[in-house]
Amino acid sequence: MAISQYLKIIARGAQGARHLPREHACDLFGQVLDGSISDLEVGAFCIAMRVKGETPEEMAGFLDAVHARLAPLPASARTLVVLPSYNGARKLPVLTPLLALLLAREGLPVLVHGTATEDSRIFSQNMLAALGVPALQAIQTIAPGNVAFAPTALLLPGLARLLAVRRTLGLRNSAHSLVKLMNPLAPVGARALVVGSYTHREYAESMAATFALTGADALLLRGTEGEPVADARRMPQMDGFVAGAVTRLEEAPGGPLTPLPELPTGADCEGTATFTRAMLDGHLPVPAPIARQVEHILRLALQIESARPAP
């Protein structure tokens, strides 16, 4: 169906807009990703969905379109942990690379993917490069015990283009939510665990519903400033999904934040790299929330491997 017909459905404001069934959402988002529509139509789509809001069924359809177009990443020997890293550091240091390296130390393959969506933040790509993990230049198998960083454009150029629309419009669009849900191993049907994170409570509900609807294997938590790593200062709620079935893994105890005076600022790339190395080397303790997150991911990976043994 032509995108103008979809816009007549979704672009009638918060009260007049109607929701799309999954197959129509897939068709619409496929046109956006393929670049077969004009920049004006892309902008109209972004604003319309921003005003209307996405339903889990629409997000599932958008994911169908993404997964159908992703570069086929080869399967890993163990469950691949997927860390979508798109928010970067504002006030707090970006500790997603610490989480990735801790998981690799436990023998899991880890894929961090992302792209810089703003110029004023430090992103995981910067931190990983400082820690000796350069960005991939080509798709490759990620071996157990290794961390790889994949720029979004390497996985799906159309998705990277849509993320870049934020620089023009100044607003997030559906792609910013999708990247936190997508599974780069979906095209080959291999084992992967997506670590999804949210900042606002309403996204917790919509992401959980989408994981359930798509039968995903995932860990969902309130991350640090939108990053998929637990806040070092306070234990978050964590939910695990195996084939879409959810289990509460960790309750959020509440209470005040635990002060961590040695925590560097978000904009201090060198300080964060030094801080990360100190924890990896055992000179500083890994914050309890991050250590617990590692434990939950390891258990989920074993559950996935038990349910789906390697061929």
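Let me start with helix α12, residues 269-280: at 1.5 Å a residue its twelve residues should span 16 Å, and the end C-alpha atoms are 16 Å apart, so the two agree. The expected span here is 1.5 Å times one less than the number of residues. Helices are DSSP runs of H or I with at least four residues, strands are runs of E with at least two, and both are numbered from the N terminus.

This is a predicted model, where local features need pLDDT of at least 70 and side-chain atom pairs count only at pLDDT 80 or more, while totals for chains, interfaces and linings use all residues. Residues are numbered from 1 along each chain as its sequence is written, and side-chain values use heavy atoms, with hydrogens and water left out.

Back to α12. Its buried residues include Gly-271, Phe-275 and Leu-280; buried means under 20% relative accessible area, with a 1.4 Å probe and protein chains only. They pack against α6 (96-105) and α7 (124-130), contact being heavy atoms within 4.5 Å. After α12 comes Gly-282, with a positive phi near 85°.

Next, Glu-227, in strand β6 (residues 227-230). The backbone nitrogen of Gly-88 lies 2.8 Å from a polar atom of the Glu-227 side chain. Beyond four places in sequence, Glu-227 touches residues including Ser-85, Thr-96 and Ser-197.

Terms used: Buried < 20%, exposed > 50% of the residue type's maximum accessible area, 1.4 Å probe, protein only. Polar contact = N/O pair within 3.5 Å; in protein donor to acceptor, adjacent residues only side chain to side chain.
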